[in-house]
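Hello,

Here is the structure I promised to pass on to you. Have a look at it first, and then read on for what turned up.

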Amino acid sequence: LQRTPPWLTAEQSLEIEDFYAMAKELEQIFPWKQDVDHIVPLQGENVSGLHVPWNLQILPAHRNRQKSNSF
């Protein structure tokens, strides 16, 4: 699934990488897995989000699974 827009800047791409790095760092602090979640799902039922920094958040993995593809 390719949802990263071609107009994303290099700085914004680095911001996305930072989310994944932060999730890994949080896993060293907390005893549960962390996921990078899309606030607006990439494959939602009524909406479709993009893989951009302002659509990302870090959630505990179990919360992300509860959320599933909902907005």
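Let me begin with Asp35, which is buried, its relative accessible area being 15%. Its side chain meets that of Lys33 in a salt bridge, at 3.5 Å from N to O. Please keep in mind that this is a predicted model.

Lys33 has another partner as well: Glu27 forms a salt bridge with Lys33, and the closest N and O atoms are 3.8 Å apart. Glu27 counts as partly exposed, because its relative accessibility is 25%, and buried means under 20% while exposed means over 50%.

How many salt bridges does the structure hold? There are 3 salt bridges in the structure. Another one of them joins the side chains of Lys67 and Asp37, at 3.1 Å from N to O. Lys67 lies in helix H2 (residues 61-67) and Asp37 in strand E1, so this pair ties together parts that are 30 residues apart in sequence. Both Lys67 and Asp37 are buried.

Strand E1 also holds His38. His38 counts as buried, at 14% relative accessibility. The side chains of His38 and His51 are joined by a polar contact of 2.7 Å. Neighbours within four places in sequence aside, the residues in contact with His38 are Leu50, His51, Asn55, Leu56 and Lys67.

Leu56 leads us to the nonpolar core. In soluble globular proteins, nonpolar side chains tend to be buried together. Here the largest nonpolar core has 6 residues in all: Leu8, Ile16, Ala23, Val36, Val52 and Leu56. Ala23 touches Gln34, Val36 and Ile58, if residues up to four places away in sequence are not counted.

Now for the surface. Which residues form a nonpolar patch there? They are Ile29, Phe30 and Trp32, which together have about 310 Å² of accessible area. Ile29 belongs to helix H1 and is exposed, with a relative accessible area of 61%. Phe30 sits in the loop between helix H1 (10-29) and strand E1 (34-38), and is partly exposed at a relative accessible area of 35%.

Happy browsing, and write back whenever you like.

Best wishes

Definitions and conventions
Residues are numbered from 1 along each chain as its sequence is written. This is a predicted model: local features need pLDDT of at least 70, side-chain atom pairs count only at pLDDT 80 or more; totals for chains, interfaces and linings use all residues. Side-chain values use heavy atoms; hydrogens and water are left out. Patches are made of residues with over 30% relative accessible area and no salt bridge: like charges are joined within 9 Å, nonpolar side chains (Val, Leu, Ile, Met, Phe, Trp, Tyr) within 5 Å. Accessible areas come from the Shrake-Rupley method with a 1.4 Å probe; for residues, only the protein chains shown count as cover. A salt bridge is a side-chain nitrogen of Lys or Arg within 4 Å of a carboxyl oxygen of Asp or Glu. Helices (H or I, at least four residues) and strands (E, at least two) are DSSP runs, numbered from the N terminus. Buried means under 20% relative accessible area, exposed over 50%, partly exposed in between (1.4 Å probe, protein chains only). A nonpolar core is a set of buried Ala, Val, Leu, Ile, Met, Phe, Trp, Tyr and Cys residues joined through side-chain atoms within 4.5 Å. Contact means heavy atoms within 4.5 Å. A polar contact is a pair of N or O atoms within 3.5 Å; within protein, one must be able to donate a hydrogen and the other to accept it, and residues adjacent in sequence count only if both atoms are side-chain atoms.
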